[in-house]
Amino acid sequence: MNKKNVLSVKNLNKIYSKNRQKSIHALKNLNLEVNEGEIFGLLGPNGAGKSTFINILAGTTIKTSGDVNVWGFNLDKNPRQVRASIGIVPQEVNVDPFFSPRKLLELQAGLYGIKKKDRITDTILKLVSLENQANSYTRSLSGGMKRRLLVAKALVHQPPIIILDEPTAGVDVELRNNLWKNVKSLNKQGVTIILTTHYLAEAEEMCDRIGILNKGNLVALDSTINLLKRIQTKIVTLVVNEKVNIENQSLNSLNVIDNKPGQLIVSYEKSKLNIEELINYINKQNIKILDISTDDGNLEDVFVRLTKN
């Protein structure tokens, strides 16, 4: 079955005019599509245009030009339906300290005009593991619970798309993992997730596909696996029983990082050299390889390469 596009953006531009002479081009001809049921990561350094993009979808920033369609609705023609199709989880934790989670979700449902009988407050509280705190004052919740409450608020109107804006900024590791479990379980239930982050490990772990924004330009858009395949350099550390003679080798693209008795560290381009060739070269010297560890690089390498220009 062909998955449908839940978000389609064509030639999206946003220009902030400071004065007659100076304007900032925050988004430059952005084109991207997000498919139903995927976790899509939007990455980029600060000021790359991620927040501008989300604010346009949320209706808090007006685009300069371009076409945006969400869940089949056009942003210009059906702004209300577009907003109803998206749940946005903001970066800032801002919840009323004197309401309980249940009361907050009920109020939110009221704002969306959802009838009492159609509300799924208890289901949502369970989904974000807050059923035991449903009736406590929000001010007594931990930071992690407040984060999950923001996710719950975004789910009240049962949108098909959830946007998480830097959801784990300034959050400890345990909380981050907890939040990821929640996001993955939402995704399993068919919710499409769009995630902005500058934590590359997070994107690598979570996202099916990734778009990388830099200075308003989309500099990459591919599956996470394909982006990782772009990293050509492999670093290999070999523990050996004596010093390897590596001076006059003819191995393609091999670069010696460190060579001392007992250890050899090299790097090479994956497309030009196979690790077998290196092992054979060492074996020919009657040297025993006691251990091998390799480092394939990570998304950070791709990111740095794409955004440093």
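# Helix packing and local contacts in a predicted model

Helix α5 passes helix α6 in a right-handed crossing. A crossing is right-handed if the near helix is turned clockwise from the far one by less than a right angle, and left-handed if anticlockwise. This is a predicted model: local features need pLDDT of at least 70, side-chain atom pairs count only at pLDDT 80 or more, and totals for chains, interfaces and linings use all residues. Residues are numbered from 1 along each chain as its sequence is written, and side-chain values use heavy atoms, with hydrogens and water left out. Helices (H or I, at least four residues) and strands (E, at least two) are DSSP runs, numbered from the N terminus.

**Helix pairs around α5**

- Helix α5 spans residues 143–155 and helix α6 spans residues 173–188. Their axes come within 10 Å and cross at roughly 20°. That makes α5 roughly parallel to α6.
- Axes here are lines fitted to C-alpha atoms, for helices over the stretch in contact. Angles run from 0 to 180 degrees between N-to-C directions. Under 35 degrees counts as roughly parallel, over 145 as roughly antiparallel, 65 to 115 as roughly perpendicular and the rest as oblique.
- On the α5 side, G143, G144, R147, R148, V151 and L155 meet α6. The α6 residues they meet are L175, N178, L179, N182 and L186. Contact means heavy atoms within 4.5 Å.
- Helix α3 (residues 101–111) also packs with α5: the axes come within 9 Å and cross at roughly 30°. The two helices are therefore roughly parallel to each other.
- This contact is made by P101, L104, L105 and Q108 of α3 with L149, A152 and K153 of α5. Here too the crossing, α3 past α5, is right-handed.

**T121 at α4**

- T121 lies in helix α4 (residues 121–127). T121 is buried, at 8% relative accessible area. Buried means under 20% relative accessible area, exposed over 50%, and partly exposed in between (1.4 Å probe, protein chains only).
- The T121 side chain makes a polar contact with the side chain of E106 at 2.7 Å. A polar contact is a pair of N or O atoms within 3.5 Å; within protein, one must be able to donate a hydrogen and the other to accept it, and residues adjacent in sequence count only if both atoms are side-chain atoms.
- Leaving aside neighbours within four places in sequence, T121 is in contact with R102, L105 and E106.
- T121 and K153 are 32 residues apart along the chain, and their C-alpha atoms are separated by 9.6 Å.

**Helix α9**

- Helix α9 covers residues 275–283, with I275, L278, I279, Y281 and I282 buried. Seen down the α9 axis, these buried residues fall within an arc of 160°, so they line one face of the helix. The arc is that of the directions from the helix axis to the C-beta atoms.
- The cover over the buried residues of α9 includes strands β11 (233–240), β13 (263–269) and β14 (289–295).
- At the start of α9, a side-chain oxygen of N274 comes to within 3.0 Å of the backbone nitrogen of E276.

- Helix α1 (residues 50–58) has K50, T52, F53, I54, I56 and L57 as its buried residues.
- I62 sits in the loop between α1 and β4 (65–70). I62 is exposed, at 63% relative accessibility. I62 and T52 are 10 residues apart in sequence, and 9.4 Å apart C-alpha to C-alpha.

- Most residues other than glycine have a negative phi.
- W71 has a positive phi of about 55°. W71 lies in the loop between β4 and β5 and is partly exposed, at 26% relative accessibility.
- Q158 has a positive phi near 50°. Q158 is found in the loop between α5 and β7 (161–165).

**Buried polar residues in strands**

- N74 lies in strand β5 (residues 73–74) and is buried, at 11% relative accessible area. A polar atom of the N74 side chain lies 2.7 Å from the backbone nitrogen of D76.
- Beyond four places in sequence, N74 is in contact with D67, V68, N69, P79 and V82.
- R209 lies in strand β9 (residues 209–214) and is buried, at 18% relative accessible area.
- The R209 side chain reaches the backbone oxygen of E33 at 2.6 Å. The R209 side chain also makes a polar contact with the side chain of E38, at 2.8 Å.
- Not counting residues up to four places away in sequence, R209 touches residues including V34, N35, I39, F40 and G41. L221, D222, S223 and T224 are also among them.
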